[in-house]
Amino acid sequence: MPNATHAARAHFDSRARTSGLRLALLLVAARRAFGVSCALAIACGAGRAAAQDFVPVASPDIAAHVTFATGAAWVDFDHDGDLDLFVVTGFSANNNNAMFRNDGGDTFTRVFGPITSDGAENVCSSWADVDNDGDLDAFVSGLDLDGSTLYRSAGGSLSIDGASALTGVAVKGTGCAWGDYDSDGHVDLMLAVLNGVLGMNTADRLFHNNGNGTFTEIMSGPVVASPGFHHHPTWADFDGDGDLDLFVASGLVGSLGPDKMYRNQLMETATATFAEITTGVLATDVRDSQVLSWAITTTTAISTCTSPATTRTPISITVTTAAARSPA
Ligand SMILES: [Ca+2]
Ligand SMILES: [Ca+2]
Ligand SMILES: [Ca+2]
Ligand SMILES: [Ca+2]
């Protein structure tokens, strides 16, 4: 589905050095992301990165954007066929998020609108066609005094959905991810919560998309029952049975805890409930995890990038056939 994760994997330029440019821009835009995102991309992908031709992109607008960036997403927000760069910011004097429109030729022009006039402490954005009207909408997570915001797109013009249950100071969290966990054709939202930090005092939160512009928060089940230092959720069908399962990266320097893994029971029971997985390395290792990326290959395919203050050896597990139902 067209969320930020998929967008980030896509090409913003069709030329040969696209992959290098993508990473270079990500590094420029998000190098201060809690000291995490960009540094981690290098550390965890060092072996692969060395074999590619990475070329820095000289973008004046991106270079001029000096702030505390907490996340970046490649997204074609204006629907002109190329990927633009959205940078989430917070915790500094210049708190407005930034959108850089891809004008081709390595030119990224900073543009402005409601999504870049927030002045809030934001952490993450996740993009998807929330209302199935053909354009990408955005959820931007926030914390402290501001909370989060849902932005809806009309032909590439993003505006705040102030009436949404996803907008407001009561919706505080860190990492966020759209995923249609009940396979009803409408993307739902998972919000990780760093409980006890900067105004966040809840367990993780899951919002079901009702398909009519409204959302209903799921108030029961293991996914929303375990407050902790949770950073970022990732949806992936890791057991290959056709429904989206959930990984939530956990940990905080000085307060480490195991990550959370949940197997979707939709295919087994015809009801989209979750069963927590409590065995296996991904569910039991105690590290400061930030983000986990899933990639399916024929052998080994999973690594995590983590911890701003320490060096971590990427972990991996063997995946993933429906029959084996690894890694439970
Ligand atoms: Ca574009
Ligand atoms: Ca839309
Ligand atoms: Ca759904
Ligand atoms: Ca599954």
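Mentor: pLDDT is the predictor's confidence in each residue, from 0 to 100. This is a predicted model, in which local features need pLDDT of at least 70 and side-chain atom pairs count only at pLDDT 80 or more, whereas totals for chains, interfaces and linings use all residues. Residues are numbered from 1 along each chain as its sequence is written, and chains are lettered from A and ligands numbered from 1 in the order in which they are written.

Trainee: What is the mean pLDDT of the chain?

Mentor: A pLDDT of 70 or more is reached by 68% of the residues. Residues 1–49 have values below 50, and residues 296–328 stay under 50 as well. The mean pLDDT of the chain is 77.

Trainee: How many helices and strands are there in the chain?

Mentor: Both are DSSP runs numbered from the N terminus, helices (H or I) having at least four residues and strands (E) at least two. The chain holds 7 helices and 20 strands.

Trainee: What percentage of the 328 residues is buried?

Mentor: A residue is buried if 20 or more other C-beta atoms, placed from the backbone, lie within 10 Å of its own. Asp-239, in the loop between strands E13 (230–236) and E14 (245–250), is buried because 23 other C-beta atoms lie within 10 Å. In the chain, the buried share is 43%.

Trainee: In which order do the strands of the open sheet with edge strands E9 and E12 lie?

Mentor: Two strands pair if DSSP finds at least two bridges between them. In this sheet of 4 strands the pairing is antiparallel. Strands E9 (176–179) and E12 (215–218) stand at the edges, each pairing on one side only. The order is E9-E10-E11-E12.

Trainee: How many bridges join E10 to strand E11?

Mentor: On one side, E10 (residues 188–191) runs antiparallel to E9, with 4 bridges between the two strands; Ala-177 has Met-190 as its bridge partner, and Gly-179 stands opposite Asp-188. E11 (residues 205–209) is also antiparallel to E10, and Leu-191 faces Arg-205 there. The number of bridges joining E10 to E11 is 3.

Trainee: Which residues of E10 point the other way from Asp-188 and Met-190?

Mentor: In a regular strand the side chains alternate between the two faces of the sheet. In E10, Asp-188 and Met-190 point one way and are buried. Pointing the other way, and buried too, are Leu-189 and Leu-191.

Trainee: With which residues is Leu-189 in contact, leaving aside its neighbours within four places in sequence?

Mentor: Contact requires C-beta atoms, placed from the backbone, to lie within 7 Å. Leu-189 is among the residues that touch the most other members of the largest nonpolar core, which has 61 residues; such a core is a set of buried Ala, Val, Leu, Ile, Met, Phe, Trp, Tyr and Cys residues joined through C-beta atoms within 7 Å. The contacts of Leu-189 beyond those neighbours are Phe-139, Leu-166, Cys-176, Trp-178 and Phe-207.

Trainee: Which residue in E8 stands opposite Tyr-151?

Mentor: An open antiparallel sheet has the order E5-E6-E7-E8, with E5 (122–128) and E8 (157–160) as edge strands. E7 (residues 149–154) pairs with E8 in the antiparallel sense over 4 bridges. Opposite Tyr-151 stands Ile-160.

Technical notes:
A residue is buried if 20 or more other C-beta atoms lie within 10 Å of its own, exposed if 12 or fewer, and partly exposed in between; C-beta atoms are placed from the backbone. Two residues are in contact if their C-beta atoms, placed from the backbone, lie within 7 Å.
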